[in-house]
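Please take the sequence and the three-dimensional model together, and follow the paragraphs below with both in view. We begin inside the protein and then move on to its helices and loops.

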Amino acid sequence: MLKSRITRWSRVGVAGLAATGALLLAACGSPAGAGGAAGGGDAEAPQTEKLKVALVTHAAPGDTFWDTIRAGAENAADLNNIDLLYTSDPDGARQAQLVQQAVDQGVDGIVVTLAKADAMSGEVKKAAEAGIPVFSINAGENDFKSMGVLAHFGQNEFIAGQAAGEQLNEAGKTKAICVIQEQGHVGLEARCEGLADTFEGTSEVLYVQGTDMTNVASTITSKLQTNKDIDAVLTLGAPFAMTAVDAIKDAGSSAALATTDLNPDVYAAIKDGTMLFGIDQQPFMQGYQSVEAVRLFNEGGYVLGGGQAVLTGPAVVNAANAESVAAQFK
């Protein structure tokens, strides 16, 4: 069953990943120099050289999802003596320019999202060919290896959509809309494709302009008013989920709401029953693991994943298990 696979990744596999970095740090005299001295004695840990790492994402202004990724990255940077340089642009061509800017700054590593893989490919390949270790997060599972990227940290977007479809089936829903806030984003498209794959009812994609919440609200409201038989709305980001709460009310609809990606507001809405569930990719871990990966590679050539994506999700959060993940959303 898909549900059992999701549980295994979310509560066991991911915990194992968190431990992997610690084990590598402890092995061979603590290569990353982030913990105590090898052997647990009183000697001070050897100081590692400071590294400069660029984190380049496709974050749109106001999307709080990226605050969590950045928090994880900054946490890893603090623990691993890394100077973190953060930039973002939702436009693929401009994001690619930010990668080139990082190369020009002489960074020791680059962490990048690959939502617009075609636009990013040229500059990412150049960075890798220049000898800079490049890691990808969040988007790019199917493209990272062809660009010379060493490892990818994220969830499988299609499986995340499948998990949402299974949850809607359990809730007895029959007609759903999958709201995409960024047209052309391969990861978001894959989530909706996964939903269609497992959902036993019918589903369709609804495109909205994610940088304009007024447009998001009015588009969802209009769709629900003209299609009264829609009984489920799946958004693909926490800010859009919160906007959809009001849009559903304004439409006079009784459609259930669920989302991929969580924040404290979405978590609270799941707990109080306003939302059915959330599909969490655990973005803190994407930021943390990828930045720490630069240190590990720098110290000993260590690379996680064995050429496959390192999965940080999906994890289903609903009323039944919300208490177990409460600490993540304080």
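**Valine 233 and its surroundings**

When neighbours within four places in sequence are left aside, valine 233 is in contact with Ile177, Val179, Leu224, Ile248, Ala255, Ala256, Leu257 and Ala258, where contact means heavy atoms within 4.5 Å. This is a predicted model, in which local features need pLDDT of at least 70 and side-chain atom pairs count only at pLDDT 80 or more, while totals for chains, interfaces and linings use all residues. Residues are numbered from 1 along each chain as its sequence is written, and side-chain values use heavy atoms, with hydrogens and water left out.

Val233 also has a place in the largest nonpolar core, which has 30 residues, and there Val233, Ile220, Leu224 and Met275 touch the most other members. A nonpolar core is a set of buried Ala, Val, Leu, Ile, Met, Phe, Trp, Tyr and Cys residues joined through side-chain atoms within 4.5 Å; buried means under 20% relative accessible area, exposed over 50%, and partly exposed in between, using a 1.4 Å probe and protein chains only. The elements that give two or more residues to this core are β6 (175-180), α7 (213-226), α8 (238-250) and α9 (264-271), and the largest share, seven residues, comes from α8. Helices (H or I, at least four residues) and strands (E, at least two) are DSSP runs, numbered from the N terminus. A second, separate core of 23 residues includes Leu55, Ile82, Ile137 and Phe153. In soluble globular proteins, nonpolar side chains tend to be buried together.

**Two pairs of helices**

How do α7 and α8 lie against each other, and at what angle do they pack? Their axes are 8 Å apart and the angle is about 45°, where axes are lines fitted to C-alpha atoms, for helices over the stretch in contact, and angles run from 0 to 180 degrees between N-to-C directions. The helices α7 and α8 are therefore oblique to each other, since angles under 35 degrees count as roughly parallel, over 145 as roughly antiparallel, 65 to 115 as roughly perpendicular and the rest as oblique. Among the residues that meet are Ile220 and Leu224 in α7, and Phe240 and Ile248 in α8. The residues of this contact divide into ten nonpolar, three polar and one charged, with Ala, Val, Leu, Ile, Met, Phe, Trp, Tyr, Cys and Pro counted as nonpolar, Asp, Glu, Lys and Arg as charged, and the others, Gly among them, as polar.

In another pair, the axes of α5 (residues 157-170) and α6 (residues 186-198) come within 6 Å and cross at roughly 40°, which makes α5 oblique to α6. The contact of α5 with α6 has five nonpolar, seven polar and five charged residues.

**Details in the loops**

Aspartate 261, in the loop between β9 (256-260) and α9, has a positive phi of about 75° although it is not a glycine, and Asp261 is buried, with a relative accessible area of 5%. Glutamine 282, in the loop between β10 (277-280) and α10 (283-300), likewise has a positive phi, of about 55°, without being a glycine.

Finally, a cis peptide bond, with omega about 10°, joins glycine 313 and proline 314, and Pro314 is found in the loop between β11 (310-313) and β12 (315-318).
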